[in-house]
Amino acid sequence: MKIGIIVAMDKELNQLQALFNDGNVRVEKCGIGKVNAALGAQRMINEFHPDCIISSGCAGGNGDDINVQDVIVSTELCYHDVYCGAAIDNTTQLGQVQGLPARYPADPYLLRKARQLSIVPRNLLAHSEGLKSNQFAIHTGLIVTGDWFVDTKEKAQEIISHFPDAKAIDMESAAIAQTCYLNKVPFISFRVISDIPLRDTAASQYHNFWDTVAENSFQVTKTFVESL
């Protein structure tokens with residue numbers, strides 16, 4: 001099975017490339033934002049012809065049960081910053097590109113395999129600052145995407161007011177999902193929570209994540225790939 005993994009940043013690329021040495025798994029960086037994500041996904045499809053694509057990287061989290069270094073697995077994905085209006089079609093929803101699905105569901109097989117994952121082995125978390133070795137969770141739910149780094153509580157509150165069921169906010173996943181939908185390539189997103197915008201100020205959690213707890217954060221993606 002050929003698996004493509006797409007990340008946005010060098011930090012994420014370095015983490016994941018270190019975990020894979022199988023020629024059937026390709027990890028590529030697309031760059032930050034929706035356009036870069038779509039272009040990167042299309043390039044991956046055209047050149048590598050994967051059987052499935054995984055969006056991996058970090059994201060802001062939402063929910064009382066969500067903590068830094070938890071992983072959100074997408075059940076569905078949509079945009080939080082797209083609105084096509086009701087002038088032509090009054091059924092179009094916030095977050096929906098007109099003529100396309102309002103939300104992109106994760107591939108059922110990939111989602112089923114993701115839900116079978118056990119937590120990451122304790123020894124991988126033993127040295128993660130601020131976490132006990134038995135504190136780690138994999139959640140499933142909605143991931144919303146937009147061209148906005150959410151570094152204020154006010155922006156997070158605005159997004160969550162429209163998408164209260166969102167578990168994570170990122171800048172790439174829905175664009176990759178749309179590209180995979182159009183190309184009929186199975187897709188799922190794994191996002192490590194780097195910060196909780198509604199509990200944070202000045203993105204301090206985000207910077208601390210890369211300084212102290214990013215190591216081994218993407219191990220769950222590797223565990224998932226090995227299960228396929």
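Predicted model: local features only at pLDDT ≥ 70, side-chain atom pairs only at ≥ 80, totals over all residues.

## The second largest pocket

Two elements, β5 (104-105) and α5 (173-183), each supply at least two residues of the lining of the second largest pocket, and α5 gives the most, with three residues; helices (H or I, at least four residues) and strands (E, at least two) are DSSP runs numbered from the N terminus. The lining includes Tyr 104, Pro 105, Cys 180 and Tyr 181, and it divides into 10 nonpolar, no polar and one charged residues.

About 160 Å³ of space lies in this pocket.

## Packing of α2 and α5

The axes of helix α2 (residues 34-48) and α5 come within 8 Å and cross at roughly 35 degrees, and α2 passes α5 in a right-handed crossing. On the α2 side the contact (heavy atoms within 4.5 Å) involves residues including Lys 34, Ala 41 and Ile 45, and on the α5 side Ile 176 and Thr 179 are among them. By class, this contact has six nonpolar, three polar and one charged residues.

## Confidence and conventions

Residues are numbered from 1 along each chain as its sequence is written, and side-chain values use heavy atoms, with hydrogens and water left out.

The mean pLDDT is 86, and 85% of residues reach 70 or more. Over residues 120-135, however, the pLDDT is below 50.

Conventions:
1 Å grid on protein atoms, 1.4 Å probe; cavity = no way out; pocket = protein on both sides within 12 Å on 5 of 7 lines; lining within 4 Å. Points joined across faces, edges and corners; volume = space filled by probe spheres on them. Nonpolar A, V, L, I, M, F, W, Y, C, P; charged D, E, K, R; others polar. pLDDT = per-residue confidence, 0-100. Axes fitted to C-alpha atoms, helices over the stretch in contact; angles between N-to-C directions. Left-handed = near helix turned anticlockwise from the far one by under 90°.
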